[in-house]
Every structure is written in structure tokens, then in C-alpha cells.
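Colleague: I have the model open and want to know what stands behind the terms. Take me through them, please.

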Amino acid sequence: MDLLIEIASPINDIVDQLGANDLPYAIPLHPNLVHFTIGLFAIGIAFDFAGAFYPLEKRVFRFLALPVTRTGFHDVGWYNVLACAVITFFTVAAGFYEMLLAVPLPGIRSVIGQNAIDTMLWHAIGGVALLLIIVAMTIWRGYQRFVWRKDLGRQVTWLYLGCGALILVIMGVHGSLGAWLASEFGVHITADQLLAAGADLQEVLP
């Protein structure tokens, strides 16, 4: 940990209060919550696609004796998108908290030439934008389920499904920025920072 203190950062003022990975807890929360956001949204859109194409699929389900219904697919789609909207508030909040405690490796650039600060800023802006988009998609999905299409078999429009697929692609690009913060800049990864400082992990880590 002494090697980390040599890196110039205001975080050094509270470094004694932080544990491994420069956090007051053992494992970064943001990357774990991110996977909940991505997984819930992907499942929500995928099951709504399954509900939309149900007329083409139902003979297969009957042949396989699977007791599934179109309403069941859309129920899974709705509740997963709703859960995604709720948990994404915690995902973004944890991301900002851990970004404030980040001590990136100096002099490193990502594969697209960005330094650590630029990568963190774009990742933060993208995270807030995705939160707003997910909330808007959830409101849109709720209106379709309970108002606009409540009497129709297919609860979602093709435009909603297209937007959902596009957002998943954007999530993938946005997630790459977060992945580079860990893999390239060693943010909240003590072992990466020690290796970059030339330390022997077998000697400095317990």
C-alpha cells in the first residue's frame, strides 16, 4: 500500500481509511451492479421479443409441451425492465462514489487514445444518459402495458423493441469504457497498480 501513496492524488489524504482496491469495502460495487442493469434490461427486451413473435412460436411450444403464454412473456419483459430502472439508480450512484475514490495509473492511454480522466468523464456522462433512457423506456413500457395496448395481445410496439435493441448496443459500447478503466488504468485494482509500480506481488500482498 505504501507504493500507492506515492501516486499524486487528493485521495492520499484519506488513504489510511481505505482498504484494498482503494475502497472502504473489499470488492467494487459498481461493476457488480452494472451486470444487474445489463442483465435485467436484456432479459426484459428479449422476453418482449418472444412475446411479440409468439404467434410464430406457439406451435413449437405446443410440440414441446411447454406451458408458456404470450402474456407470460410480456410479464417477464415488463417486470425486468421495471427492476432495471430501479437498480440502475444504485448502479450510477455507486459508480460516481467509486469514481471519486479512483486513483488511475498515470501516463496510460486506452486503446482509443483516451487518458483516464477523459474515459471516466465519458463513462459518467454515458451512465447518467443511460439511466434517463432506461427510466424513459420503463415509463413508455408501462403506458403500453396499462394504457395504450392493454387490450392487445402484443403489449409492445415494434418501435419499442427496436429502441431496446439499439440501447443494448449502446450499453455494450458504454461498458467498454468501464472495462478499460479497470483493465487499462487499474482503477480500484490494487494488483494492477502494484505491478505497474514494479512491485513483487508475492512480497507486498498478504
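Modeller: Start with contact, which means heavy atoms within 4.5 Å. Residues 24 or more positions apart account for 71% of the contacts in the protein with a separation of 6 or more. This is a predicted model, where local features need pLDDT of at least 70, side-chain atom pairs count only at pLDDT 80 or more, and totals for chains, interfaces and linings use all residues. Residues are numbered from 1 along each chain as its sequence is written, and side-chain values use heavy atoms, with hydrogens and water left out.

Colleague: How many helices and strands are there in the protein?

Modeller: The protein has eight helices and zero strands. From the N terminus on, the order is α-α-α-α-α-α-α-α. Helices (H or I, at least four residues) and strands (E, at least two) are DSSP runs, numbered from the N terminus.

Colleague: What makes α4 and α5 roughly antiparallel?

Modeller: The angle. Helix α4 (residues 70–100) packs on helix α5 (residues 116–148) at about 155 degrees, with the axes 9 Å apart. Axes are lines fitted to C-alpha atoms, for helices over the stretch in contact, and angles run from 0 to 180 degrees between N-to-C directions. Under 35 degrees counts as roughly parallel, over 145 as roughly antiparallel, 65 to 115 as roughly perpendicular and the rest as oblique. At about 155 degrees, α4 and α5 are therefore roughly antiparallel. By class, their contact has 17 nonpolar, six polar and three charged residues. Here Ala, Val, Leu, Ile, Met, Phe, Trp, Tyr, Cys and Pro count as nonpolar, Asp, Glu, Lys and Arg as charged, and the others, Gly among them, as polar.

Colleague: Why is α2 called roughly perpendicular to α3?

Modeller: α2 and α3 pack at about 85 degrees, with their axes 6 Å apart. That angle makes α2 roughly perpendicular to α3. F49, A50, G51 and A52 of α2 meet Y54, P55 and E57 of α3. This contact of α2 with α3 has five nonpolar, one polar and one charged residues.

Colleague: Why is R141 called buried?

Modeller: Buried means under 20% relative accessible area, exposed over 50%, and partly exposed in between (1.4 Å probe, protein chains only). R141 has 0% relative accessibility, so R141 counts as buried. R141 sits in helix α5. Beyond four places in sequence, R141 is in contact with D48, H74, G77, W78, Q155, V156 and Y160. Across the protein, buried residues make up 40% of the 206 residues.

Colleague: S110 and I108 are both found in the loop between α4 and α5. What class does each one get?

Modeller: S110 is at 7% relative accessibility, so S110 counts as buried. S110 is in contact with T119, W180, E184 and F185, leaving aside neighbours within four places in sequence. I108 is at 29%, so I108 counts as partly exposed. I108 and E184 are 76 residues apart along the chain, yet their C-alpha atoms are separated by 7.3 Å.

Colleague: What makes A65 exposed?

Modeller: A65 is at 62% relative accessibility, so A65 counts as exposed. A65 lies in the loop between α3 (54–63) and α4. Its phi is positive, about 60 degrees, although A65 is not a glycine.

Colleague: And why is C163 called partly exposed?

Modeller: C163 is at 26% relative accessibility, so C163 counts as partly exposed. C163 lies in helix α6 (residues 158–183). C163 touches M137 and W140, not counting residues up to four places away in sequence. From C163 to M137 is 8.6 Å, C-alpha to C-alpha, and 26 residues in sequence.

Colleague: Which residues touch the most other members of the largest nonpolar core?

Modeller: A nonpolar core is a set of buried Ala, Val, Leu, Ile, Met, Phe, Trp, Tyr and Cys residues joined through side-chain atoms within 4.5 Å. The largest has 18 residues, and F41, I134, Y160, I167 and M171 touch the most other members. The elements giving two or more residues to this core are α2 (30–52), α4, α5 and α6. Apart from it lies another core, of six residues, among them A102, A116, M120 and V187.
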